[in-house]
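Student: Before we discuss this model, could you show it to me? I would then like to ask what lies behind the terms applied to it.

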Amino acid sequence: MAPNDSAETTGEATGTVVGRRKAARYFVPVAVAGVAAATIGLVPALANSGDPDLPKISAQELIEKIAASDEEQLSGTFKISTDLGLPLDGLAGSFVPGAGSDDDKGAAAPQDRLMELTSGTHTLRVAVDGPEKQRLSILGDASEYSVVHNKGEVWAYDSKSDEVYHAEAPAGAGSAEEAPKAPKGVPATPKDFAEQALAAVGDTTSVTVDGTAQVAGRDAYQLVIKPKQSGSTVGSVRIAVDAENGVPLKFTLAAAAGGKAVVDAGFTKVDFAKPAASSFDFTPPKGAKVTEADELETGKDEHGAAQKALPEQLSGQIPGLEGLGGSEGVNVIGKGWTSIAAIEIPGGKGLPTAGSGDVPAEAQGFLDALGDKVTGKFGSGTVFKTRLVNALVTDDGKVYVGAVTKDALVRAADGAK
């Protein structure tokens with residue numbers, strides 16, 4: 001009989017999860033749209049039949065099993081599918097911190113190429129051998145994009161454009177923390193996704209064990225995380241955890257409104273044996289254009305200071321936005337799954353309008369089609385929606401954003417008056 005533990009747990013067990021980021025930190029991070037930082041999902045529903053008969057385990061014990069997982073070697077293939085419900089294909093890229101043209105950053109630079117994961121379905125191949133060797137590849141129909149970290153060096157290669165990106169760690173670097181990485185963003189693997197979700201567990205969250213499954217040929221328990229609060233756009237998070245070693249094999253976030261998973265991230269094949277050393281070898285192909293990381297001056301304003309985009313600030317806060325509390329011009333309203341970030345737009349102006357002469361009438365119609373006009377005690381504004389993260393831009397220059405419903409955003413704006 002499949003285990004079914006309904007006991008709830010709080011944030012007490014998650015300290016070790018956050019503090020012991022073992023196997024997860026060995027994956028080359030994948031930068032994904034900041035607004036998608038809270039969008040996590042699962043590949044199709046776990047097996048409908050043949051679920052393994054495993055010993056009963058509590059939610060607390062399963063969380064501790066994830067935290068104690070210390071697998072440093074694996075290889076495999078997994079899929080990520082993202083469905084934010086944006087009105088235009090590829091619009092997610094406009095939310096990405098640092099997103100820009102290839103002319104600015106090089107076609108092989110991870111900052112740009114890994115943004116492809118913000119929409120559609122992608123097959124990835126991964127190999128990991130401890131903190132010094134990782135490889136992550138995005139497989140295309142007739143091309144492949146790979147990021148390779150090998151003992152303090154990072155190479156990225158785009159076979160389609162035949163361009164190479166290269167970065168070196170500071171002298172003496174040899175650990176995972178010191179090695180160069182792709183830009184911070186949404187995690188690359190089910191393990192990474194799981195740790196972010198578990199970091200959000202607290203008194204606003206219900207955590208249970210809901211049966212077992214077979215994932216990539218491995219026996220797994222299913223951990224289910226659900227908001228206790230109303231008003232969140234998050235329905236549930238489901239994590240399939242390897243019964244033997246505690247490694248998350250699939251990660252699920254379902255929207256409260258139902259329908260297709262917002263994002264699928266799950267292994268289809270996985271092997272915990274040591275990968276071949278050749279997996280981490282890389283030599284630029286003859287004739288390929290090579291761009292060094294120090295040649296790319298990106299993410300700078302006219303004063304040379306690194307820009308801090310809101311989506312980047314939001315990354316890693318799943319589902320809460322508490323980490324924004326100390327940011328200049330940002331106030332966090334509420335807590336847990338229904339927390340909302342309130343941001344002051346410099347100059348105190350809202351969206352441009354055709355009446356103001358700032359935009360053509362045709363462009364105004366396009367903007368109106370993307371959002372819903374709302375009014376309240378705060379005045380008036382426009383709500384821009386995805387299936388998970390929504391934002392209210394008021395006409396007097398304030399932004400309210402979170403993984404909450406339109407009504408929750410309006411209430412927050414009303415209460416802030």
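Student: What makes strand E7 mostly covered?

Tutor: Five of the six residues in strand E7 (residues 163-168) are buried, where buried means under 20% relative accessible area, exposed over 50% and partly exposed in between, with a 1.4 Å probe and protein chains only. Helices (H or I, at least four residues) and strands (E, at least two) are DSSP runs, numbered from the N terminus. This is a predicted model, in which local features need pLDDT of at least 70 and side-chain atom pairs count only at pLDDT 80 or more, while totals for chains, interfaces and linings use all residues. Residues are numbered from 1 along each chain as its sequence is written, and side-chain values use heavy atoms, with hydrogens and water left out.

Student: How do you know that E6 and E7 pair, and in which sense?

Tutor: Two strands pair if DSSP finds at least two bridges between them, and strand E6 (residues 153-158) and E7 have six, in the antiparallel sense. One of these bridges has Glu 153 and Glu 168 as partners. The two strands form a hairpin with four residues between them, and Asp 162 in the turn has a positive phi of about 60 degrees. E7 also pairs with strand E13 (residues 289-292), here in the parallel sense over four bridges, with Val 290 as the bridge partner of Val 164.

Student: Why is the pair of Tyr 157 and Phe 282 called tilted?

Tutor: Rings of Phe, Tyr and Trp (its six-membered ring) pair if their centres lie within 6.5 Å, and planes under 30 degrees apart count as stacked, over 60 as edge-to-face and the rest as tilted. The centres of Tyr 157 and Phe 282 are 5.9 Å apart and their planes stand at 45 degrees, so the pair is tilted. It links Tyr 157 in strand E6 with Phe 282 in the loop between E12 and E13, 125 residues apart.

Student: Why does Tyr 157 count as buried?

Tutor: Tyr 157 has a relative accessible area of 16%, and therefore counts as buried.

Student: What makes the pair of Phe 78 and Phe 267 edge-to-face?

Tutor: The two rings are 5.3 Å centre to centre, with 65 degrees between the planes, and form an edge-to-face pair. Phe 78 lies in strand E2 (residues 73-82) and Phe 267 in strand E12 (residues 263-271), so the pair ties together parts that are 189 residues apart in sequence. Both Phe 78 and Phe 267 are buried.

Student: Why is Thr 205 called buried, and what does its side chain contact?

Tutor: Thr 205 has 0% relative accessibility, and so it counts as buried. Its place is in strand E8 (residues 205-215). A polar contact is a pair of N or O atoms within 3.5 Å; within protein, one must be able to donate a hydrogen and the other to accept it, and residues adjacent in sequence count only if both atoms are side-chain atoms. The side chains of Thr 205 and Trp 337 are joined by such a contact, of 2.7 Å.

Student: How do you know that E18 and E19 pair?

Tutor: Four bridges join strand E18 (residues 390-394) to strand E19 (residues 398-402), and the two run antiparallel. Val 393 has Val 399 in E19 as its bridge partner.
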